[in-house]
Amino acid sequence: MLAPWCEFENAEEPVLRHGLTAIDWWDRNAGGVSRQGTLVVTLGRDRRELDRFARRTHGFEEIGGNRLAELEPDLAGRFDRALFFAAEAHLDPRAAMAGLQSGLAERGIAVAADMPRDPGQVIDCRGLAARDILPELRGVRGEMLVLRCPDVTLSRPVRLLHPRVPIYLVPRGDGIFMLGATMIESDRRGVVTARSVMELLSAAFALHPAFGEAEIVETGADARPAFPDNLPRIGRAGGRLYANGLYRHGYLLAPALAMQLADHIDTGERPEFWHETDDQR
Ligand SMILES: Cc1cc2nc3c(=O)[nH]c(=O)nc-3n(C[C@H](O)[C@H](O)[C@H](O)COP(=O)(O)OP(=O)(O)OC[C@H]3O[C@@H](n4cnc5c(N)ncnc54)[C@H](O)[C@@H]3O)c2cc1C
């Protein structure tokens, strides 16, 4: 999702500022960006969650059941209130990465699998694996499922708020949806747990009962690399430059982080996301 307004509910100002420009950046450089906005809904008993969410962000229009049914006919009659963030967007991450790579190839830039021989040319972006040089880095585990559910059509990501298990469904076309994502303070990667699958699927079922008949075509679990303030950092550690800590905002913040890093290499100026460790001060 490219959802800077929704993310601002629980994120710092740079996520909104850079996230807004990231939508155009991905569209220009990778293509395949769908600008249909985001819908945020709650089940009746969690109405207060919607009010709380609305208080903590902006960039939305509060809509009623009729307008919601116009936007997403398959949700007609299921919710009488929603927040519509019209300026948000989404993309298919794998298609976006392939788009980026082919754009580079057109400009004669190859993506190499081997490390450069000159260590001075290395920028460390190993995510959580860089904890050997960045001890403040922690993992925030995220699990997701890819579902095939041809009985439901959605045109945009839908977030279902819940005090404990908020979920989102991102349509990928042809009846495919990404259902995500857990947020667990853990650096455990690997396979999804039974509890997370049950919680994600029950919430999707509550959003629309047709998800009870969905096929699970993929599961995934990863650990988001995060610093204590959940903002990314550029700095020097272990004798090299690093960029890390994208947390849950890799797609929203990677363009800004990469451009700041490139400017720093060009000009030596300190980027906004620069972080100095105590022994460098
Ligand atoms: C379920 C889930 C849903 C998400 N949804 C969104 C979303 O909707 N929008 C959004 O903006 N963000 C989202 N995120 C967050 C986003 O995925 C992360 O912010 C992003 O992946 C962080 O990117 P990164 O490249 O810094 O780290 P990583 O993605 O962890 O990548 C690090 C890479 O370094 C490689 N590596 C490790 N060691 C070495 C080595 N020694 N040599 C070479 N390579 C090495 C690893 O193999 C890996 O490929 C989501 C995350 C999860 C888990």
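Begin with the second largest pocket, which holds about 590 Å³ of space; a pocket here is an open set of points on a 1 Å grid over the protein atoms alone where a 1.4 Å probe fits, with protein on both sides within 12 Å along at least five of seven lines, and lining residues have an atom within 4 Å of a point. The volume is the space filled by probe spheres set on those points, which are joined across faces, edges and corners. Of the 26 lining residues, select Asn10, Pro166, Ala181, Met183 and Arg248, the closest to the pocket centre. This is a predicted model, in which local features need pLDDT of at least 70 and side-chain atom pairs count only at pLDDT 80 or more, while totals for chains, interfaces and linings use all residues. Residues are numbered from 1 along each chain as its sequence is written, and side-chain values use heavy atoms, with hydrogens and water left out.

Now colour the lining by element: helix H1 (4–7), helix H3 (47–56), strand E6 (158–161), strand E7 (167–173) and helix H6 (194–207) each give two or more residues, and the largest share, three residues, comes from H3. Helices (H or I, at least four residues) and strands (E, at least two) are DSSP runs numbered from the N terminus. By class, the lining divides into 14 nonpolar, four polar and eight charged residues, where Ala, Val, Leu, Ile, Met, Phe, Trp, Tyr, Cys and Pro count as nonpolar, Asp, Glu, Lys and Arg as charged, and the others, Gly among them, as polar.

Next, select E6, where Val158 and Leu160 point one way and Arg159 and Leu161 the other, all of them buried (under 20% relative accessible area with a 1.4 Å probe and protein chains only; exposed means over 50%, partly exposed in between). E6 pairs with E7 in the antiparallel sense over three bridges, two strands being paired if DSSP finds at least two bridges between them, and a hairpin of five residues joins E6 to E7. Strand E1 (residues 38–42) pairs with E6 in the parallel sense over four bridges.

From E1, move to strand E3 (residues 81–85), which pairs with E1 in the antiparallel sense over three bridges, with threonine 38 opposite phenylalanine 85. Strand E2 (residues 61–64) also pairs with E3 in the antiparallel sense, over four bridges, and there glycine 64 stands opposite arginine 81. Both faces of E3 are covered, with Arg81, Leu83 and Phe85 buried on one side and Ala82 and Phe84 on the other.

Then show the open sheet of four strands, ordered E4-E12-E11-E13 with mixed pairing. Strand E4 (123–124) and strand E13 (274–275) are at the edges, each with a single partner strand, so one side of each has no neighbour in the sheet. E4 and strand E12 (residues 240–244) pair in the parallel sense over two bridges, and aspartate 124 stands opposite tyrosine 242.

Finish in the loop between H6 and strand E10 (215–226), where histidine 208 is placed. Histidine 208 is buried, at a relative accessible area of 14%, and touches Asp74, Leu75, Arg78 and Val152, not counting residues up to four places away in sequence; contact means heavy atoms within 4.5 Å. Glutamate 213, found in that loop between H6 and E10, counts as exposed at 67% relative accessibility.
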